[in-house]
Protein chains: 4
Amino acid sequence: MSELRPRADGPHAGGDTRETARIEAFSDGVFAIAITLLVLDLRVPPQASQVPLGGWLAAQWPSYFAFVDSFATIGIMWINHHRLFTLIRRADHTLLVLNGLLLLGVTVVPFPTALLASSLHRPDARVAAMVYSGTFTCIAIAFNLLWHYAASGSRLLDRRVDPNAVRAITRAYAVGPALYGLALGLAVVSVTASIALTVALALFFALPSRPRAAV
Amino acid sequence: MSELRPRADGPHAGGDTRETARIEAFSDGVFAIAITLLVLDLRVPPQASQVPLGGWLAAQWPSYFAFVDSFATIGIMWINHHRLFTLIRRADHTLLVLNGLLLLGVTVVPFPTALLASSLHRPDARVAAMVYSGTFTCIAIAFNLLWHYAASGSRLLDRRVDPNAVRAITRAYAVGPALYGLALGLAVVSVTASIALTVALALFFALPSRPRAAV
Amino acid sequence: MSELRPRADGPHAGGDTRETARIEAFSDGVFAIAITLLVLDLRVPPQASQVPLGGWLAAQWPSYFAFVDSFATIGIMWINHHRLFTLIRRADHTLLVLNGLLLLGVTVVPFPTALLASSLHRPDARVAAMVYSGTFTCIAIAFNLLWHYAASGSRLLDRRVDPNAVRAITRAYAVGPALYGLALGLAVVSVTASIALTVALALFFALPSRPRAAV
Amino acid sequence: MSELRPRADGPHAGGDTRETARIEAFSDGVFAIAITLLVLDLRVPPQASQVPLGGWLAAQWPSYFAFVDSFATIGIMWINHHRLFTLIRRADHTLLVLNGLLLLGVTVVPFPTALLASSLHRPDARVAAMVYSGTFTCIAIAFNLLWHYAASGSRLLDRRVDPNAVRAITRAYAVGPALYGLALGLAVVSVTASIALTVALALFFALPSRPRAAV
């Protein structure tokens, strides 16, 4: 509501920085919690278990695999969020709602992760792989919505940001939904191929391909 | 205790900003954790389950529905909290306690959410719907207590805030307890109507009705 | 290690504020998470439960009671921590370790809370009440250790803090271990009296007894 | 991607501080959550338990022991992370990824902690002790990777940091993987000796050996 905005000559006239600061702090909290809750799905053997501990743990490999894949993916998403907000300087209600959509996707991640880990041995594991890659597809779409809204006409960007940088990000982000959507489609055919693609995407974004790459 | 307050000519003479900053940081943490803990009630099928995965997941729709409804409601509450604290510049003991009451309500939300999700199939689901809308009613009341205390005579507000803006917020916030109270009353008659109202309220606050709306 | 400290003429010459800032941020995180994890012990009825929902929930009153008592106690402790760090301006290794001891106590609270809630119906509930009040006694002692270390000879305090204020806090904090220790002793005789004292202490600190009280 | 970096003459020309600030905030969140989630493995007796409460709790000593050991170790790691980032002033993509590796190790800690607590009574407890000390070894290695990358040629350090201080940290950190690796090796021979070493390391780092030690 526009009434909530202090007058431009008020003490917050330059206060937009403070506003995105609190959005970033809240988002950081949600990312940090979602990434840490993943550990709750790493289980210890039941008290009565007679299976040797080493063997029991080794049999849990799908849990460890899903944990690392999701950790890396959420971590990469946090880096991307962090980068966008070095360029976004102002906030409005729509940005808050779009950021909320993005965070909704991020908080959900521990669920498809647990689902994937617990279903890899099942004949219908492809349903779990579809939910898993589908979640990442939705998050990638939310990232694009957020960025397009903020960057369109430089609506919420720092005015001194290089327009070429903005266009480069727009191109780079458009690839996300396509690639995660491909992982979603692959899941119907091959669970292994679908998951391998999500791993490859995390690695691709984690390992910068160009030595000159900087934050 | 007044002794705890550094002297006005001390290094914190202008330090009230810092004080609300830490209240905001603590509140952000609580909001972020409460909103993220909601995911812990999205369950995976038991190991021995023979039901096809797609069907099993589809049958869990009340959990997904309750998750999104509560996520949206806590998200909107965070936006409101964020807005209030762009106007509140000073803090005292009573504000801390009232903010604590509000956060008590927010941290509870995962419980009525899980209760609602697990009870929708029961004949006495209206008890769960009453607890759910009752929790939101209490939070809406706590918001009003906090705002009235801070705004009364501009007690803790930034002195340059427009009095018309203060009155507009006071009017807007008074609607919250009334509408969530209505959802509480509706739950006795119709669980569906009560929950639909909580969804409508989240959507209403998320989608600004006026194109000129800003933060 | 002293080598880790940038030289006094370095860019951090005035950087002590930044250092306590990160201690506060980390502590805020721990307080916020501990207070929010309390909700995980509010349970929903098992799927197969035939008991009417209202009756089932009412029978869980010890959980709700313990939740609110612990929430209020952690909340008051956060307010106290927040107040101390408006006076503490510098940090050293010992302060970090003492603050860690305090946080150890705070993170434990969800455990005695769940223990108390699940044991109130047992004949040996006084063991749970002793663990509960004993935890708070330890935290109160840790608060005193932290404050004495920081305030002794104004070691880490803002130099402009009023010495009378420091003495007043020292006196006020000495009461904590005594009163929570009393609750611990009372638990041997009467579980009800012990718990009532912890509630009374939370209320006493939450409701300022003197109208002039400020942060 | 270098395009994401605002031009050096932009409003962020001096903004590197802000960048590490958000890395620290995210890391603080992860440390705070991981350290607090440890409490979820402190269990209350099952409802039907007939064992006296005191005896039941006493039998859980491995859980309390593992809780305190892991709490202290994560706490020490947080202090170290905090110290490094008083020296690191700039960030790039590689630093973010190395910090992510470190945080991956930290978020995992509640799992080997629960594993150790639940396995101490088993004949094959040494597997759990190896996972436990192995996790800390990996975290110590990640710390070294992070520090070497940042400090090599003063790549990301505050330019006014004393080179002797940098060399002292490099020497001190090299000890970590060696000592935790020793604990890992000891676990094969003696579970008790391995765990005792992890406790000794936490105490050694918590209790500064030199009275002149400062942050």
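**View 1. Helix 6 of chain D against helix 7 of chain D, packed at about 165° with their axes 8 Å apart.** This is a predicted model, where local features need pLDDT of at least 70, side-chain atom pairs count only at pLDDT 80 or more, and totals for chains, interfaces and linings use all residues. Residues are numbered from 1 along each chain as written, with chains lettered from A and ligands numbered from 1 in the order written. Axes are lines fitted to C-alpha atoms over the stretch in contact, and angles run from 0 to 180 degrees between N-to-C directions. The two chain D helices are therefore roughly antiparallel (over 145 degrees; under 35 counts as roughly parallel). Their contact takes in 18 nonpolar, 7 polar and 1 charged residues.

**View 2. Helix 7 of chain D, residues 163-189.** Its 27 residues should span 39 Å at 1.5 Å a residue, and the end C-alpha atoms sit 41 Å apart, which agrees (the expected span is 1.5 Å times one less than the number of residues). Among its buried residues are D:Ile169, D:Gly176 and D:Tyr180 (buried: 20 or more other C-beta atoms within 10 Å of the residue's own, placed from the backbone). The buried set packs against helix 6 (125-151) and helix 8 (191-206) of chain D.

**View 3. Over in chain B, helix 6 (residues 125-151) and helix 8 (residues 191-206) pack at about 25°, axes 10 Å apart.** That makes these chain B helices roughly parallel. B:Ala125, B:Arg126, B:Ala129, B:Ser133 and B:Phe136 of helix 6 meet B:Val191, B:Ser194, B:Ile195 and B:Thr198 of helix 8 (contact: C-beta atoms, placed from the backbone, within 7 Å).

Technical notes:
Helix = DSSP H or I, 4+ residues; strand = E, 2+ residues; numbered from the N terminus. Buried ≥ 20, exposed ≤ 12 C-beta atoms within 10 Å, placed from the backbone. Contact = placed C-beta atoms within 7 Å. Parallel < 35°, antiparallel > 145°, perpendicular 65-115°, else oblique. Nonpolar A, V, L, I, M, F, W, Y, C, P; charged D, E, K, R; others polar.
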